[in-house]
Amino acid sequence: MIRPEFNLSYRRFDSKSILISWPNLIENAVLFDVLSFKKSINLSGKPLVEVIIAYNSLLVVYDITIDNIYNEIKSLKTLYLDINYDINESKIIWKIPVCYDDYFATDLENISNNKNIDKDEIIELHYKNTYRVCFLGFLPGFLYLSNLNKRLYFPRKVQPDLNIIKGSVGIGGNQTGVYPSNSPGGWNIIGNSPIDFINKEKLHKISFASPGDSINFYPIDIKEHNYISNNLDSYIIESEVSND
Amino acid sequence: MIKVIKPGLYSTIQDMGRKGKQSYGIPCSGSMDSFSSDLANKILNNSINSAVLEITMVGPVLEFINETFICITGANLSPLLNNKIIKMNNPIYVKPNDVLSFGVLKSGLRSYIAILGGFKTEKVFGSRSMFKNLTKAVKLAKNDVLNFNEDIIFKSSKINLHKISNIDNEIKAYKGPEFDKLDSNQKDFVLSNKFIISNNYNRMAIQLSDLLINNLDPIITSIVMPGTVQLTPAGKMIILMKDCQTTGGYPRILQVDEKSINSLAQLKKDSHLRFSLKI
């Protein structure tokens with residue numbers, strides 16, 4: 001794989017962390033570059049608490065105060081030049097059940113009326129796409145996904161809802177995602193997934209999905225939703241490996 | 001064992017928080033004023049990550065079922081043991097049936113109660129810090145029972161009490177990633193205005209009263225940390241605190257230094273503060 005060239009900016013974030021920013025793009029080339037750099041920083045042997053990523057940025061959090069910021073930035077720049085871009089791009093596709101029934105899809109009607117697209121078509125456009133997990137943030141276990149069909153872009157609510165229930169599948173602007181817990185929020189709700197997005201028993205695999213993995217939603221009815229909800233302890237999230 | 005007779009206004013168990021879990025969207029949490037909670041643990045010779053009780057403005061009423069040692073630091077809420085004033089920043093022996101209560105808030109906002117060996121409440125992702133949807137309990141409630149290790153023997157420690165922090169209204173901060181998008185008047189305002197803390201403040205964030213009119217564009221969702229000062233399109237400045245989200249889309253104009261976060265944790269509504277740049 002040919003490595004794209006990005007102009008990165010490096011700056012001190014606080015006494016123990018350095019922020020690295022990519023150009024303002026949400027695209028796979030940036031994501032893979034961010035992930036490759038994260039991997040090589042993690043392997044560098046530096047005294048780290050964590051490397052945190054977002055769409056086009058990365059925060060290196062050190063365990064100690066950074067004494068010489070210029071030297072440390074220089075060392076990171078050198079590391080970036082040498083990163084191994086030939087990473088094994090994740091081929092995992094997670095299969096996430098979603099019930100798009102009106103019972104859960106409280107804003108589907110509104111989107112349908114505003115965009116003049118049938119509810120069934122909205123649902124189909126939503127589950128037919130394959131989404132890429134870019135990073136986790138906002139709430140414990142919340143996956144930031146890319147690749148929402150442009151026809152489904154729909155603005156966030158001006159007045160956020162005070163309580164969106166766990167599992168709600170929403171559309172906010174050009175993004176879609178699943179609320180992993182009850183939370184206030186401004187996204188438009190079109191369905192609900194019965195599965196758990198965090199696993200409190202697993203300290204090192206808190207979320208089943210990692211950045212770079214893909215997600216497919218598939219439609220289920222209310223009965224199936226109920227069944228999965230009531231049998232979460234034995235539920236195993238299905239996945240497949242893509243061939244492309 | 002301790003029985004909670006009254007929970008107080010907002011009392012939570014805290015330790016150093018969930019470090020290194022932000023990649024999963026999990027907030028740092030932990031004591032808001034970590035200087036004071038560390039001090040309480042040091043005075044009792046506890047390990048640094050021992051869980052303490054963080055109490056806010058109005059303290060709880062706690063009944064001890066077993067003997068132990070405690071230490072109270074941070075804000076002065078006039079701590080009382082069996083209705084008699086007790087010293088702060090000192091190890092205090094408590095015996096069965098003793099009742100710890102609090103009086104008037106004299107200084108600061110949050111006080112810390114450390115106990116010999118630390119509180120043994122539910123641990124989730126390596127931390128006992130209470131947080132909605134992670135721990136079962138979000139804050140202390142009436143009739144709760146708090147467990148601690150009753151077999152530890154107290155050994156006094158030599159702590160230099162001159163180092164007890166004073167609350168500083170000068171908040172030291174680094175330039176935030178989007179600071180340079182502000183024009184020079186806006187920068188001047190941020191660095192010279194005497195800001196007032198609004199009545200909108202909690203463990204997630206502190207909102208300032210004064211508005212900073214701006215036309216800054218939102219950013220592509222990026223990383224925030226406790227201490228990040230966000231600027232909303234409406235001009236509100238929001239200082240993120242320990243229970244904040246891990247990512248956000250508002251421009252980040254400042255990043256408050258760790259030590260100043262401890263001061264912020266002790267400033268209440270209507271307090272004044274100024275920002276000064278740390279290079």
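Modeller: Here is the contact between the chains, in a predicted model: 26 residues of chain B are in contact with 30 residues of chain A.

Biologist: What kinds of residues make up the side of chain B that touches chain A?

Modeller: That side of chain B has 13 polar, nine nonpolar and four charged residues.

Biologist: What scores does the model get?

Modeller: Its ipTM is 0.94 and its pTM is 0.94. For chain B the mean pLDDT is 95, with 98% of the residues at 70 or more.

Biologist: On to chain B itself. Into which domains is chain B divided?

Modeller: Domain 1 of chain B covers 2-163, and domain 2 of chain B covers 170-277. Their centres, taken over C-alpha atoms, are 28 Å apart.

Biologist: And how many residues are in contact between them?

Modeller: 16 residues of domain 1 of chain B are in contact with 13 residues of domain 2 of chain B.

Biologist: Which element gives the largest share on the domain 1 side?

Modeller: That is β10(B), with three residues. The elements giving two or more residues to that side are α1 (34-43) and β10 (107-115) of chain B. By type, the side of domain 1 that touches domain 2 has seven nonpolar, seven polar and two charged residues.

Biologist: Back to chain A. How many helices and strands has chain A?

Modeller: Chain A has five helices and 14 strands. Its radius of gyration is 20 Å, close to the 18 Å that the globule rule gives for 244 residues, so chain A is as compact as a globular protein of that length.

Biologist: How much of chain A is buried?

Modeller: 37% of its 244 residues count as buried.

Methods. Residues are numbered from 1 along each chain as its sequence is written. Chains are lettered from A and ligands numbered from 1 in the order in which they are written. This is a predicted model: local features need pLDDT of at least 70, side-chain atom pairs count only at pLDDT 80 or more; totals for chains, interfaces and linings use all residues. Helices (H or I, at least four residues) and strands (E, at least two) are DSSP runs, numbered from the N terminus. The radius of gyration is taken over C-alpha atoms; the globule rule is 2.2 Å times the number of residues to the power 0.38. A residue is buried if 20 or more other C-beta atoms lie within 10 Å of its own, exposed if 12 or fewer, and partly exposed in between; C-beta atoms are placed from the backbone. Two residues are in contact if their C-beta atoms, placed from the backbone, lie within 7 Å. Ala, Val, Leu, Ile, Met, Phe, Trp, Tyr, Cys and Pro count as nonpolar, Asp, Glu, Lys and Arg as charged, and the others, Gly among them, as polar. pLDDT is the predictor's confidence in each residue, from 0 to 100. Domain bounds come from an automatic or database domain assignment.
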